[in-house]
Amino acid sequence: MISTKYIGEHADTALLAAADAALEAYGEALANHSPAQLAAVAMDGADGTPAMLIDVLVEEAVIAAATAAGVNVLSEERGWIDVGSAVSLVIDPVDGSANAAAGVPLACFSAAVAVDGEFTEAMTVWLHTGERWWAAAGRPAFGTSGRRSVGESAVSMLRPHPRNWDAWSRVARAATRIRILSCSTLDAALVATGAVDAFVDTGSDTHRLMDIAAATVLVGAAGGAVVDAYGRPIAFDTDLTRRWSGVVAATPELADELCDLIRG
């Protein structure tokens, strides 16, 4: 794990401010609202999906901190906020909202920094513990498990849907172990640190950019691979209608095998 002191000395100041704001707002939300209040739909997000109150409360604090630091923000509820900077934060204020509202300790703040459209660094923060994972593009960090085949791998997955049940079942049968944590950004951080071998959306096209943007940096720095199951590039884009079936794996070989299983 990278020390908080090291992160503070090297991470983008807007990214640090956003992470600090998320932690503070999250704690205040839990202290001042009931689980039912936190889970209530507060608005329709910019991506067309309902936003819980806990999402909105944390997002408001994060956006205020990031824009005060002079950077653009792309977030799932408010969408694209352009302050005219070459630097943008792609943020997921609370990934695992249903977990967070219910008191299940599996929720994260996650953000990637894009400079002129290129991801340069990222941070994921475990909101229940304050643990932070940070990496910069091109700078080795952490270390995946190195697993190369599904048959020897523990794989985390999004829950299945009727439209991707067959693909979900193929991966589940092939893997040594499966988990469903319902927090994509935490799953990706666990792949980066070697605790989990892979994390996948088995073809449901559920992932938005903020769900996997940080993973491209964190897992890439750890020697792993982050791809879309159907070969679509994962790149900065302010269009929140875009979706991916993210495959986050310890090695490119494992990612390729998972993609083959998903596509059948």
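**View 1. The buried residues of helix 2.** In this predicted model, helix 2 buries Ala14, Leu15, Leu16, Ala18, Ala19, Ala21, Ala22, Ala25, Tyr26 and Ala29. Buried here means under 20% relative accessible area, with exposed over 50% and partly exposed in between (1.4 Å probe, protein chains only). Helices (H or I, at least four residues) and strands (E, at least two) are DSSP runs, numbered from the N terminus. Helix 2 covers residues 13-32, 20 residues in total, and reaches 28 Å from its first C-alpha to its last, close to the expected 28 Å. That expected span is 1.5 Å times one less than the number of residues.

Residues are numbered from 1 along each chain as its sequence is written. Local features need pLDDT of at least 70 and side-chain atom pairs pLDDT 80 or more, while totals for chains, interfaces and linings use all residues; side-chain values use heavy atoms, leaving out hydrogens and water.

**View 2. Helix 2 meets helix 4.** The axes of helix 2 and helix 4 (residues 53-68) come within 8 Å and cross at roughly 150 degrees. Axes are lines fitted to C-alpha atoms, for helices over the stretch in contact, and angles run from 0 to 180 degrees between N-to-C directions. The two helices are therefore roughly antiparallel, a label for angles over 145 degrees. On the helix 2 side, the contact (heavy atoms within 4.5 Å) includes Ala17, Ala18, Tyr26 and Leu30. Helix 4 brings Ile54, Leu57, Val58, Ala61, Val62 and Ala65.

**View 3. Serine 184 and its surroundings.** Serine 184 sits in helix 7 (residues 184-192) and is buried, at 6% relative accessible area. Its side chain makes a 3.2 Å polar contact with the side chain of histidine 207. A polar contact is a pair of N or O atoms within 3.5 Å; within protein, one must be able to donate a hydrogen and the other to accept it, and residues adjacent in sequence count only if both atoms are side-chain atoms. Setting aside neighbours within four places in sequence, serine 184 also touches residues including Asp95, Leu158 and Phe199.

**View 4. Serine 88 in strand 5.** Serine 88 belongs to strand 5 (residues 87-95) and is buried, with a relative accessible area of 4%.

Definitions and conventions. Angles under 35 degrees count as roughly parallel, over 145 as roughly antiparallel, 65 to 115 as roughly perpendicular and the rest as oblique.
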